[in-house]
Amino acid sequence: MSRSLRHSSPTQEERAILRPATISVVLVTYQNVEEIGECLKSLHQASALPLQILIADNASTDGTQDLLEKTVAGLSSRDRVCEVHTHAANLGFTRALNLLLARATGEMTLFLNPDTSGWPAGGLD
């Protein structure tokens with residue numbers, strides 16, 4: 001008894017099921033120079049999926065903005081978009097978060113605090 005396997009291209013519905021999900025990651029930071037670098041490094045290693053990383057800095061004066069400027073270039077790629085929004089004043093967590101959520105385009109949104117790290121490689125996949 002033989003079995004026939006279908007070898008045609010996937011339908012549009014199948015493609016939607018098969019393609020990797022996109023994740024928008026949102027972080028609000030204020031005076032987190034000690035934590036944010038490790039957080040972003042861990043996040044970068046945690047997923048091979050397309051990511052949109054959105055960061056709001058609420059007028060940090062401890063070097064956070066300089067660190068973000070240096071780090072973001074290494075995070076952006078064809079499958080990764082990283083945006084940093086620096087504010088001249090501290091807008092507060094909720095307002096800054098809402099501004100980031102308005103820019104989020106992923107199918108899923110992940111909220112992270114800047115002190116989040118330790119993701120295993122592939123932990124978000």
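Of the 125 residues of the protein chain, 34% count as buried (under 20% relative accessible area, with a 1.4 Å probe and protein chains only). The model is predicted: local features need pLDDT of at least 70, side-chain atom pairs count only at pLDDT 80 or more, and totals for chains, interfaces and linings use all residues. Residues are numbered from 1 along each chain as its sequence is written, and side-chain values use heavy atoms, leaving out hydrogens and water.

The chain holds four helices and four strands, in the order α-β-α-β-α-β-α-β from the N terminus. These are DSSP runs, helices being H or I with at least four residues and strands E with at least two, numbered from the N terminus.

The largest nonpolar core has 18 residues. Such a core is a set of buried Ala, Val, Leu, Ile, Met, Phe, Trp, Tyr and Cys residues joined through side-chain atoms within 4.5 Å. Elements that give two or more residues to this core are β1 (23–29), α2 (33–46), β2 (51–57) and α3 (64–75). Its largest share, five residues, comes from α2. Apart from it lies another core of seven residues, among them Val28, Leu54, Leu97 and Leu100.

Ala56 has its place in strand β2 and is buried, with a relative accessible area of 1%. Its C-alpha atom is separated from that of Thr29, 27 residues away along the chain, by 6.1 Å.

| Residue | Contacts |
|---|---|
| Ile55 | Leu27, Thr29, Leu40, Leu68, Cys82, Glu83, Val84, His85, Leu100 |
| Ala56 | Leu27, Val28, Thr29, His85, His87, Ala96, Leu100 |

Note on methods:
Buried means under 20% relative accessible area, exposed over 50%, partly exposed in between (1.4 Å probe, protein chains only). Contact means heavy atoms within 4.5 Å. Lists of a residue's contacts leave out its neighbours within four places in sequence.
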